[in-house]
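Good morning, colleagues. I would ask you to look at the model on the screen while I go through several of its local features and then the contact between its chains.

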2 protein chains.
Amino acid sequence: MSLSNIRIVLVNPLYGGNVGSICRAMANMGLSDLVLVAPANLDMDEARMMAVAAKDILERRRVVGTLGEALADCGLAMGTTVRAGLYRAHVRTPREWTPRILEAARTGKVALVFGRENSGLTNEELALCTNLIQVPSSPDYPSLNLAQAVMVCCYELFVAEGTFVPPEELSPECAGATREHMFTMWREMLLEIGFMNEQKADHMMLGIRRIFGRNPLTDDDVRIMMGLARQVLWKVRDGAPPPPDKPGPESP
Amino acid sequence: MSLSNIRIVLVNPLYGGNVGSICRAMANMGLSDLVLVAPANLDMDEARMMAVAAKDILERRRVVGTLGEALADCGLAMGTTVRAGLYRAHVRTPREWTPRILEAARTGKVALVFGRENSGLTNEELALCTNLIQVPSSPDYPSLNLAQAVMVCCYELFVAEGTFVPPEELSPECAGATREHMFTMWREMLLEIGFMNEQKADHMMLGIRRIFGRNPLTDDDVRIMMGLARQVLWKVRDGAPPPPDKPGPESP
């Protein structure tokens with residue numbers, strides 16, 4: 001697991017709330033190794049409040065005196081910056097760096113280094129980093145909150161690591177024969193209620209097909225739409241209950 | 001600009017700090033349309049503090065009584081959820097939905113709907129949404145802070161909108177002839193200082209080539225490495241200053 005080899009390093013963080021938020025963001029994205037370099041006198045009540053269920057990461061944080069100590073056992077050290085300039089020419093986005101970070105984290109420690117809330121990392125601190133990251137942001141307001149910047153970087157790593165399995169459609173896309181059966185029933189229904197006549201039926205059914213064809217249509221969706229047609233036909237014809245082999249409307 | 005058509009809707013937000021953080025995240029990612037549905041009695045001092053330079057978005061927020069009002073002029077309404085379950089089967093990640101959202105936002109308003117901090121959106125509220133979003137997160141702690149969830153969604157939209165121009169290398173990758181010239185100078189230097197002898201030179205130069213070949217090498221990089229070799233040769237041979245057509249070491 002590459003993610004367990006990725007360390008978040010905060011240089012001189014000022015606010016306990018941010019540190020707590022970062023613990024939660026790390027837990028959300030499968031990270032757990034937090035190192036603080038010479039933190040300010042942090043409000044730990046606020047840190048615990050913002051960490052919510054990630055207090056274990058907060059409690060297991062390591063505090064060191066210098067950035068060099070925090071990076072001593074790390075291969076890659078990715079420094080974050082919002083500014084371009086000297087030493088900052090070769091910066092890339094989190095998404096661009098992510099494959100390189102995960103590759104390096106397969107065999108060794110990787111640090112993501114974040115600067116102080118008010119002024120970021122100094123040139124001397126950036127020089128200790130092997131590479132530079134810039135989070136994409138609007139030129140009108142490029143400076144992200146510290147915890148937000150950490151979240152974006154961790155999120156990119158978590159998504160790329162690929163352990164998250166997106167939820168899947170529970171119902172498969174319906175087969176062509178089923179869909180055609182539905183259109184046959186709808187045509188019968190629309191004629192029966194006088195919504196269209198035989199002359200205009202083909203043209204109107206193209207419109208109906210367009211509406212249903214614009215997006216995936218699952219077996220469940222088709223069952224609902226066939227049940228609707230069946231129920232309308234039953235209601236307008238004779239009010240007799242549908243025959244037993246044709247069940248009534250389904251609930252979604 | 002699609003982003004100006006994308007609205008962030010917060011249903012019953014409880015904490016002013018989160019609302020302020022969301023204003024900042026929106027400004028960072030080029031969004032500005034914020035609607036609050038029946039907010040709690042928010043701590044506005046905290047909201048302004050966390051909004052930092054995005055106070056204009058906070059001041060221009062619209063407050064409505066029901067989610068229906070917030071969505072009245074929206075085409076797509078994307079509801080966010082962390083849970084799977086009834087009504088939640090067809091959920092997708094922000095990255096999967098982003099092209100659809102940007103497409104819809106070219107011609108109309110799109111809402112991204114976020115629930116209360118402690119309990120998310122109700123099934124009734126999710127039913128008012130046209131589609132569902134789930135932010136990828138660790139099964140060990142899937143629940144993101146509200147402002148963090150908003151940031152991830154806005155970040156995906158901003159990146160996909162493609163207005164952010166990543167910083168470029170200021171120096172182009174060096175040409176093969178220049179690189180070979182550098183290796184010739186290094187070979188001469190390494191022989192001169194006795195780091196290798198003629199018998200082992202070819203083998204050692206393969207190692208040197210591997211080190212420099214592993215990553216891009218720019219004109220600037222090569223100039224530094226050629227300057228180094230020139231300076232070593234000068235120092236160990238006679239201490240005479242390098243001829244005027246061969247400048248000394250460059251600063252990075």
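Between which strand and which helix of chain A is Asn12(A) found? Asn12(A) sits in the loop that joins strand S1 (6-11) to helix H1 (16-28) of chain A. Before I continue, please note that this is a predicted model.

The backbone at this position deserves attention. Most residues other than glycine have a negative phi. Asn12(A), however, is not a glycine and has a positive phi of about 50°.

Ala38(B) belongs to the loop between strand S2 (33-37) and helix H2 (44-51) of chain B. With 15 other C-beta atoms within 10 Å, Ala38(B) is partly exposed.

I turn now to helix H1 of chain B, which covers residues 16-28. Its 13 residues reach 18 Å from the first C-alpha to the last, close to the 18 Å expected at 1.5 Å a residue. Is H1(B) mostly covered or mostly open? H1(B) is mostly covered, as 13 of its 13 residues are buried. Just after this helix, Gly30(B) takes a positive phi of about 80°.

Next, the contact between the chains. In chain B, 34 residues are in contact with 34 residues of chain A. Two elements, H1 and helix H7 (146-161) of chain B, each give two or more residues to the side that touches chain A. Which of them gives the most? That is H7(B), with six residues. By class, this side of chain B has 20 nonpolar, 10 polar and four charged residues.

Finally, I would draw your attention to Leu233(B), which lies in helix H10 (residues 219-237) of chain B. Leaving aside neighbours within four places in sequence, Leu233(B) is in contact with Glu188(B), Met189(B) and Glu192(B). The C-alpha atoms of Leu233(B) and Leu190(B) are separated by 9.3 Å, although these residues are 43 apart along the chain. Is Leu233(B) buried or partly exposed? Leu233(B) is partly exposed, with 17 other C-beta atoms within 10 Å.

Thank you for your attention.

Key: Residues numbered from 1 in each chain as written. Chains lettered and ligands numbered in written order. Predicted model: local features only at pLDDT ≥ 70, side-chain atom pairs only at ≥ 80, totals over all residues. Helix = DSSP H or I, 4+ residues; strand = E, 2+ residues; numbered from the N terminus. Buried ≥ 20, exposed ≤ 12 C-beta atoms within 10 Å, placed from the backbone. Contact = placed C-beta atoms within 7 Å. Expected span 1.5 Å × (residues − 1). Nonpolar A, V, L, I, M, F, W, Y, C, P; charged D, E, K, R; others polar.
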